[in-house]
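Welcome! Please open the structure in your viewer and get ready to select a few places one after another.

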Amino acid sequence: MTRLVALCPADDVWEGAIVQARLPDGHKLALYRIDDECFATDDTCTHGAASLSEDGTVDGGQVECSWHNGRFDIRTGAACAMPCDAPLRTWPLQIVDGQVCVLLPEG
């Protein structure tokens with residue numbers, strides 16, 4: 001069983017930007033828009049613990065962490081450039097009534 005949790009208005013997430021959002025438990029997510037579709041990953045780089053929404057940049061379908069120039073695929077979370085080798089967790093999103101919503105497991 002799953003539930004939808006609203007994160008922010010869809011208009012707040014634009015192409016080339018990274019928007020920080022929080023789950024109800026405080027866990028930070030990074031939101032992106034690519035080709036009019038929204039994506040979410042964990043906000044923390046798996047290599048250096050940097051906040052991607054604060055210290056990252058979007059380049060095409062990848063996010064680059066400015067701390068050590070590691071890169072991740074925004075759609076899949078896969079690590080694409082060293083020193084990053086562990087993937088980012090991705091989160092399923094839906095746009096509902098103009099809101100970016102994350103699909104969370106119940107409980």
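**Stop one: a polar pair**

Select Glu-64 and Arg-71: their side chains are joined by a polar contact of 3.0 Å (a pair of N or O atoms within 3.5 Å; within protein, one must be able to donate a hydrogen and the other to accept it, and residues adjacent in sequence count only if both atoms are side-chain atoms). This is a predicted model, where local features need pLDDT of at least 70, side-chain atom pairs count only at pLDDT 80 or more, and totals for chains, interfaces and linings use all residues. Residues are numbered from 1 along each chain as its sequence is written, and side-chain values use heavy atoms, with hydrogens and water left out.

Glu-64 belongs to strand E6 (residues 62-65); helices (H or I, at least four residues) and strands (E, at least two) are DSSP runs, numbered from the N terminus. Beyond its neighbours within four places in sequence, Glu-64 is in contact (heavy atoms within 4.5 Å) with residues including Asp-55, Thr-57 and Asn-69.

**Stop two: a helix residue**

Move to Ser-53 in helix H1 (residues 52-55). Is Ser-53 buried or exposed? Its relative accessibility is 17%, so Ser-53 counts as buried (under 20% relative accessible area; exposed is over 50%, partly exposed in between, with a 1.4 Å probe and protein chains only).

Finally, show the open sheet of 4 strands, ordered E2-E3-E4-E9 with antiparallel pairing (two strands pair if DSSP finds at least two bridges between them). Its edge strands, E2 (19-22) and E9 (90-91), each pair on one side only. Zoom in on E3 (residues 28-34) and E4 (residues 37-42), joined by 6 bridges; here Ile-34 stands opposite Glu-37 in E4.
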